[in-house]
Amino acid sequence: MTQTHALLHGLVVNSHGRHCVVESDDGSRRICHPRGKKSQAVVGDRVQWRAAPAGQGEEGTIEAVLPRDNLFYRQDEVRTKAFAANIDQILVLLAAEPVFSEGQLARALIAAQEQGIAAIIGLNKEDVPDAFAQAWQRLAAYRVMQDGESQPLYPVLRLQLESASGGTDFAALQARLQQRRTLVLGPSGVGKSTLINRLIPEAQAQTAAISQALNSGRHTTTTTWYWLPDANEDGVAAPRRAAILDSPGFQEFGLRHIQPQQLTRWMPDIHAHAQGCRFHNCTHIHEPGCAVQAVVQDEATHGAIARSRYQLYQRFLAELQGR
Ligand SMILES: Nc1nc2c(ncn2[C@@H]2O[C@H](COP(=O)(O)OP(=O)(O)OP(=O)(O)O)[C@@H](O)[C@H]2O)c(=O)[nH]1
Ligand SMILES: [Mg+2]
Ligand SMILES: [Zn+2]
C-alpha cells in the first residue's frame, strides 16, 4: 500500500511545458506535475501540492491552484499566453536604443490596466543622449497620464543600468521594487538582464539551478522568478517578499481578451474625455458630438490626447472588432 502525503502549500516559481517548480514556505523547491486541467498553474500561482509516494522520486503533483488576484496575459486569435499570476506591478523596460514600439508599450499597459495591475515605465541608456531625448519625448503622453483621481498613473524613470549610479531615477526604481512582486517586460536589448544581474548578484546561479532542475537548457521560454534582497521598514532583512519576474519576449502582444466597447476604459487618457460624447456607446471614430474626436482635432487642446495615442486606439479597436 502506498502512503499518501499531506497537502502542502507552495508557490510556482517556474514552469516549463506542463511541469512546474513549486517552492515551499521553507524555500525548498521541487518539480510538480499538474493533476489535471484544473491544476494547470502559471508562475506566481499559489498551489496545493502533494509529494509523490515514497519510491517515486522527489517530485510531486499540483492538486489545486488557489484563486488568483490577477493574471497578466496576452491573447491572440488562438492562444492565451500567461506571463504570471498574483503580481503587484509590471515594469516595462525600454531604452534609448533600440527604438521602441509605442504600440507594444500601449498593449502591455492595457493588459495590466484591465487586470488592475500597476505599471512602471523605465527608460534605459541615458548615456546615449540624442536617442534618449527622442525616446523621452515619445513617452510624454505616458508621463502626464492620470488615473481616475487625477493622480499621475505611470512613473517614467530615467535609467543608466550600466553605470555606477544606475541612472537619475535608479534609487526611485529600487524603492518601488521593495516588498512587491514585479514582472519585467521589454523588447530585446533594452537591458533586462543587466537590471536583473545588478539587483540580484546571484541571478545567474538561480537561473542555472532552475534550468538544471527542469533540464530545460539555458533559454527558458517562460517567466523566471528571482527573490530580491529586501528589507522591511526597520531595515531588517525580509526574505521572500519582493521578487522580480523576468519574462520572455514582448512580441505579438495580443489583446483579444479585451471587449471593443471596453477598450477606452483601459486607455485612461482617452477615457477621460469619453464621458462628454453625445452617444453613450460612441466608438470615437465617426460619431457626431464625439468629445474624444473634438479634443484630438482641436488645436487649442493639442496634446490632451496625443495623436499617437488616438491612432493606437483606432488600430486596436479595428483589431478587436475583427477588421
Ligand atoms: N549604453 C548603454 N548600454 C547599456 C546600458 N545598460 C545595458 N546596456 C547594453 O545593452 C545591451 C543589452 O543589454 P541586456 O541586459 O542583455 O538586454 P536584455 O533586455 O536582457 O536583452 P534580451 O536578453 O535580448 O531580451 C548590452 O550590450 C548591454 O551592455 C546602459 O545603461 N547604457
Ligand atoms: Mg536578457
Ligand atoms: Zn466619442
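Where is the place of His 284? I found His 284 in the loop between helix 7 and helix 8; helices here are DSSP runs of H or I with at least four residues, numbered from the N terminus.

Some housekeeping for my notes. This is a predicted model, and local features need pLDDT of at least 70, while side-chain atom pairs count only at pLDDT 80 or more. Residues are numbered from 1 along each chain as its sequence is written, and side-chain values use heavy atoms, with hydrogens and water left out.

**The loop**

Beyond residues up to four places away in sequence, His 284 touches several residues, including Cys 277, Cys 290, Tyr 310 and Tyr 313 (contact means heavy atoms within 4.5 Å).

Next I checked Cys 277, which is in the loop between helix 7 (268-274) and helix 8 (291-297). Cys 277 counts as buried at 10% relative accessibility. Its contacts, leaving aside neighbours within four places in sequence, include Cys 282, His 284 and Cys 290.

I then opened the UniProt record: its unreviewed entry annotates Cys 277, Cys 282, His 284 and Cys 290 as "binding site".

**Helix 1 and helix 9**

I turned to helix 1 (residues 102-114) and helix 9 (residues 307-320), whose axes come within 11 Å and cross at roughly 70° (axes are lines fitted to C-alpha atoms over the stretch in contact, with angles from 0 to 180 degrees between N-to-C directions). The two helices are therefore roughly perpendicular (65 to 115 degrees).

Technical notes. Chains lettered and ligands numbered in written order. Parallel < 35°, antiparallel > 145°, perpendicular 65-115°, else oblique. UniProt positions renumbered as here; feature names shortened; annotations may be inferred. Buried < 20%, exposed > 50% of the residue type's maximum accessible area, 1.4 Å probe, protein only.
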